[in-house]
Amino acid sequence: MWDNALPSFLIGLREGLEAGLIVSVLVATLVRSGRRSRLPHVWTGVFAAVGVSMGFGAVLTFTSAGLTGQAQEAFGGALSLVAVAFVTVMVFWMRRSARSLSGEIKEKVTAALGMGSGVLVVTSFLAVGREGLETALFLWTTGQAAGESAGPLIGAGAGLLLATAVCWGLYRRVLHLNLTRFFTLTGAALIVIASGVLGYGLRDLQEGGVLPGAAAYAVDLSGSIDSSSWYATLLSGTLNLTPQMTWLQVTAYGAYLAVVMTLFVRGVRGADAPVTTPPVPAAPASGSLAEPAAPRPAVARRLPRWVLPVAALAAPSLLAGVLVAVGDAKQASAATIAVSPAHCGRGFTAPQRGRQSFQVRNSGNTTVEAYLIDPATAAVYGEAEGIAPGTTRALIATIGGGSYAWRCVPTSGAAVTSAAVTVTGGGTVKAVLPVTEKDLAAPLATYRAYVQKGLTVLLTRTRTLQRDIEAGRLDRARADWLPAHEQYASLGAAYGTFGTFDARINGTTAGRPDGLKDPGFTGFHRVEYGLWHGEPAASLAPAAGRLTADVTALQKDFPRQDFDPADLPLRTHEILEGTLQHELTGATDYGSGTELATTEANIDGTRELLGLLRPLIDARDPQVSPAVAGWLRRTEQLVLSARRADGSWTPVGELPGDTRRRLDGAMGQLLEELAPIPDLLEIRKAA
């Protein structure tokens, strides 16, 4: 909570001080001119502005709550960009206006007094209302980013209270504050925070489908960094830096920070001066107002250019670090939930909306898997697997409007479902419809038949290759090697089932002590090396004969092999992941230069598998298949463009640098689009 409070504390302090200074000058000017009877007009405008600002915050909250999940992302992202624009303008305006603020307000009040009380109300309303609307927008934005409202509201409240105390101290002349220096330092800190809000807003627009590149990650440390750790929580809460950020986020974050901070620092160096007298006049006991004392001359000291940005970046991080260290750095727990066959979901009440961390404790005597589900469809919002008796695990889920229940699945015995609770308001949250082995049975049977048929074709082609080599027709063998190898590559989803056959049929020299001369180096690549490195037919024939023998044994053994249905969803991603690591780096080229032909065969194999799984994928996320199909076509077009007019293939190492980069980028994006499928189609006992 405290890490989410710091940015709001800073905006509350700064905006509160701006509004407070304006009110102080208004009051002081009226007191000095003997117009105390007009003070109610000032307070009328102030309270009206506060009411409008609170109403604006309520409108944002309820408008967002009535939108769909994707529309919420787009709405929040757009308002985040507006908030960044407001903060940027405010930072530069206050840096320029801090010195002359008192004089400008007094001129406006004098003019308002001559035009009637209504104008005075409007003057105070507009002066305070601008700060209030900016504060409401920024608070709503930071609340969306944090996924909870307590931290931002507490931070903003503390900032506003401190701003009120500072303004009172300035008014009563018991406090001296260099406002120019204060607004400079806080402005630099807000620029850093605004860069994070900009990145967060762009991410929301990507997730809302407004901007592309939602899966094009420049940084993805989610596999090695726990997002709930104290340091990840600190950076996320203060600077909106997360373990997973897209290229658009990183580019916008860095560009905004570099450009805006540079302009801000240049302006500070050009306009900074040692003003130490507060611009707000004080009201003496007699009722007259003393004029501010003239500033005392001082010697300006120039700091290195890097000091201000570094200080602005370090200060909020250090302060939040202290708060997180003394408080609870982890996500606030919504509840402790007991799970067991006897007490499934005990302690569960209607949770708050937003991101929640449930502490799930196994109160029974057998290991349990716990799922937070939609009881109507069994769709899963969150899961904690393998909870041993007497232990507690965290289950993190995002809560929106809808029905929720717990399903407890023991290692032996029937599943138990708790009573359901209903959460009202808020947008809907996407849950994953669980998959059972029965759901995958039909695709698995079809794919097994596909592989069995493909092995028959493979055996025919390897026998042809063997005959070519044994007859000494090496040119013919080089032409026949590729179709046989492509046929094997197209069966990629069965690699895990083939077991040791895969290493014997398609193994490489990686990890073999004697490299090319190692007796364990057999199969297609052994034959490839001999064909393209001048090995005579007589010495190459045994390798070709062993390849045919291994394929024959695989064809006979495959019907008895255990094909885990859970492998099918995994292979949609793993086939091309291996392609990117091996074929597109040239690591598996032993002379033929046909890595791109193998890549095309792997794409065909992936497309075959996706066709079988598409009904299951579309039922869980209809946006995945079109995105995958689009990037599959783009990647395939780049691969096919490397095929020469005579049918031969350009080796990966001979591709132009730009073409190779585009191919790697397209394959990387395709893998990102494929990445959700294993999770969508994971076999879950919640079903």
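Mentor: A residue counts as buried under 20% relative accessible area, as exposed over 50%, and as partly exposed in between, with a 1.4 Å probe and protein chains only. The model is predicted, so local features need pLDDT of at least 70 and side-chain atom pairs count only at pLDDT 80 or more, while totals for chains, interfaces and linings use all residues. Residues are numbered from 1 along each chain as its sequence is written, and side-chain values use heavy atoms, with hydrogens and water left out.

Trainee: What makes phenylalanine 358 and tryptophan 406 an aromatic pair, and of which kind?

Mentor: Rings of Phe, Tyr and Trp (its six-membered ring) pair if their centres lie within 6.5 Å, and planes under 30 degrees apart are stacked, over 60 edge-to-face, and the rest tilted. By this rule there are 12 aromatic pairs. For phenylalanine 358 and tryptophan 406 the centres are 5.6 Å apart and the planes stand at 85 degrees, and the pair is edge-to-face.

Trainee: Why is this pair said to tie parts of the chain together?

Mentor: Strands (E, at least two residues) and helices (H or I, at least four) are DSSP runs numbered from the N terminus. Phenylalanine 358 belongs to strand β4 (residues 354-362) and tryptophan 406 to strand β8 (residues 402-410), so the pair joins parts 48 residues apart in sequence. Phenylalanine 358 is buried at a relative accessible area of 1%, and tryptophan 406 is buried at 0%.

Trainee: How do you know what kind of pair tryptophan 481 and tryptophan 532 form?

Mentor: Their ring centres are 5.7 Å apart and their planes meet at 75 degrees, so this pair is edge-to-face. Tryptophan 481 lies in helix α12 (residues 474-489) and tryptophan 532 in helix α15 (residues 524-532), so the pair ties together parts that are 51 residues apart in sequence. Both belong to a cluster linked by ring pairs, which includes Tyr488, Phe498, Phe524 and Phe558.

Trainee: What makes arginine 448 sit over the ring of phenylalanine 558?

Mentor: A charge sits over a ring if NZ of Lys or CZ of Arg is within 6 Å of the ring centre and within 35 degrees of the ring normal. The charged end of arginine 448 sits over the ring of phenylalanine 558 at 5.0 Å from its centre, and arginine 634 lies over the face of tryptophan 631 at 4.3 Å from the ring centre.

Trainee: How do you know that cysteine 344 and cysteine 408 form a disulfide?

Mentor: A disulfide is a pair of cysteine sulfur atoms within 2.5 Å, and the sulfur atoms of cysteine 344 and cysteine 408 are 2.1 Å apart. The count by this rule is 1 disulfide. The link of cysteine 344 and cysteine 408 is right-handed, with 90 degrees about the S-S bond. Cysteine 344 is in the loop between β3 (333-339) and β4, and cysteine 408 is in strand β8, 64 residues apart. Both cysteines are buried.

Trainee: Which residues does threonine 635 touch, not counting those up to four places away in sequence?

Mentor: With contact meaning heavy atoms within 4.5 Å, threonine 635 touches Ile603, Leu663, Ala666, Met667 and Leu670. Threonine 635 has its place in helix α19 (residues 624-640), and at 0% relative accessibility threonine 635 counts as buried.
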